[in-house]
Amino acid sequence: MSSPEHLSNDFLPPSVTQLLASQQRWTGPSFATSRLKISPTSHPALVPAPDSQEVLRSSVCTDHMAVVRWNQTSGWADPEFVPYGAIPMMPTASVFHYSTACFEGMKVYRGHDGQVRLFRPQYNCARMLASALRIGLPEFEPVELLGLIRELCAIECPKWLPKERAGECLYIRPTLIGTDASLGFQVPRETMLFIVISFWPNPKPERLLGKGEREPAPQEKTLRLFASQEGTVRAWPGGTGSAKISANYGPSLLAHGEAKSKGFDQVLWLFGPEGYVTEAGSSNFFVIWRNREGKLQLVTAPLTEHTILAGVTRKSILDLARERLTGGSSYQWDGESLEVVETKFTISDIVEAAEQEKLVASFAVGTACFLVSVSRIEFQGRGIDIPKNAVPHVSALRRWMTNITTGVESSSWGDVVQEKDAIL
């Protein structure tokens, strides 16, 4: 079974793994993908049109889902693929009363080369184990979770993400919940892991240019963020902001709704009287500005205090920036080099940079939003307008990420799924 030290690899910070190492937990054997059982659906659904209302509401799932049950006495059962449908649970189930639930958000892409790919999925699987342990759910091997995800994609993608939909993707939601029917305040003695694959609204295809380059889509969507030090707090040092658990998201919906009612897209979450910047909605947040010496910097909050999630897209943006945008890089970059900085910064730092005309870009990243530029931040009644095309770095990062996920650029980050014939 994986140890907390194994999870640290090059993704999860020591602050997460040190917390997990001190916890008492069940440590029996993991479920095994090799013991997978498949029960094909007898009522296959129709694949909806890409622009249908069902797809826009993200309410369509593929024909099958993965299910694995666990209890404290016998451990993990064999995994199953069953027809997608409702899950029966008792009204007293732990997940309903104590939010014993964690989940992941991933995408599977149909490449322009015809292949199906996951994007750095080992990080999602390691993070899900860390999230599970944080709230007392049972341990499992991340490699076995990845095996189930690959198998489900291999079966579902030929129908639901066919080759004629190159450049598009489906959304994968692995979830682990406490199903123990006891109302006692305790670690769940029964749990269920399930994985569903959902349709996700896809952006309009971009026109392929020479050598795999892409031009930005016209009228690119940008984000307007509302920042306040007087509202709710999303995460705090030593809390659960570094875990992808359901309890982090429900309490943030009220502030999100209020921001939407004011004409904004997301909340820019701040912490403490200093107004430390953490996340934008449920996405990691970046700025590009010039420091006092005039040096261009890419800046984002650090992973040291459990106030932000270790995002897979976040890590990928940082990796690409360090590999391709910094001085001395072997990558052929014609633009200005920059410094990559992970450090605490405040909303006042953003205001000051804007006043001095040193704030040149801002963007949010995540599995759902991918990479979206921020055009405006509202703080204490003042609007901070952020240039969209003042520097080419944001569009370059977006282009490189798109090319990698859709197979235009060969990369070890792409996990190719070997598709299977229909099981019906």
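These are legends for several close-up views of one predicted model.

**View 1. The whole protein chain, before we zoom in.**
Let's start with the overall tally: the protein chain has 10 helices and 19 strands. It runs to 424 residues, and buried residues make up 52% of them.

**View 2. Helix α5 meets helix α6.**
Two packed helices are described by the angle between their axes and the distance between the axes. Here the pair is α5, residues 121-134, and α6, residues 142-160. Their axes are 9 Å apart, and the packing angle is about 125 degrees. As for handedness, α5 and α6 make a right-handed crossing. Who does the touching? On the α5 side, look for Pro121, Gln122, Cys125, Ala126, Met128 and Leu129. They meet Pro142, Leu145, Leu146 and Ile149 of α6. Sorted by class, this contact of α5 with α6 holds nine nonpolar residues, one polar residue and no charged ones.

**View 3. Helix α8 crosses helix α10.**
Now for another helix pair: α8 covers residues 312-324, and α10 covers residues 393-405. The two axes come within 11 Å of each other and cross at roughly 110 degrees. So α8 counts as roughly perpendicular to α10, because angles from 65 to 115 degrees get that label. The crossing of α8 and α10 is right-handed. From α8, the residues in the contact are Thr313, Ser316, Ile317, Leu320, Ala321 and Arg324. From α10, they are Leu397, Trp400, Met401 and Ile404.

**View 4. Thr62, a buried loop residue.**
Find the loop between α3 (53-56) and β2 (64-71), and you will find Thr62 in it. Is Thr62 buried or exposed? Its relative accessibility is 1%, so Thr62 counts as buried; the cut-off for buried is under 20%. The side chains of Thr62 and Glu156 are joined by a polar contact of 2.7 Å. If you skip its neighbours within four places in sequence, Thr62 is in contact with Tyr84, Glu156, Trp160, Leu170 and Ile197.

Arg120 lies in the loop between β7 (116-119) and α5. Check its backbone: phi is positive, about 50 degrees, although Arg120 is not a glycine. With a relative accessible area of 6%, Arg120 is buried.

Leu183 has its place in the loop between β8 (169-178) and β9 (190-199). Its relative accessibility is 48%, so Leu183 counts as partly exposed. Leaving out neighbours within four places in sequence, Leu183 is in contact with Thr92, His97 and Tyr98.

**View 5. Ser283 in strand β13.**
Strand β13 spans residues 283-290, and Ser283 is part of it. At 9% relative accessibility, Ser283 counts as buried. Which residues does Ser283 touch, not counting those up to four places away in sequence? They are Ala364, Val365 and Cys369.

**View 6. Phe370 in strand β17.**
Here is Phe370, in strand β17, which runs over residues 370-379. Its phi is near 70 degrees, a positive value in a residue other than glycine. Phe370 is buried, and its relative accessible area is 17%.

Ala390 sits in the loop between β18 (382-385) and α10. Its relative accessible area is 46%, so Ala390 is partly exposed. Where does Val360 come in? Val360 and Ala390 are 30 residues apart in sequence and 5.9 Å apart in space, C-alpha to C-alpha.

Definitions and conventions
Residues numbered from 1 in each chain as written. Predicted model: local features only at pLDDT ≥ 70, side-chain atom pairs only at ≥ 80, totals over all residues. Heavy atoms only, no water. Axes fitted to C-alpha atoms, helices over the stretch in contact; angles between N-to-C directions. Helix = DSSP H or I, 4+ residues; strand = E, 2+ residues; numbered from the N terminus. Parallel < 35°, antiparallel > 145°, perpendicular 65-115°, else oblique. Left-handed = near helix turned anticlockwise from the far one by under 90°. Contact = heavy atoms within 4.5 Å. Buried < 20%, exposed > 50% of the residue type's maximum accessible area, 1.4 Å probe, protein only. Polar contact = N/O pair within 3.5 Å; in protein donor to acceptor, adjacent residues only side chain to side chain. Nonpolar A, V, L, I, M, F, W, Y, C, P; charged D, E, K, R; others polar.
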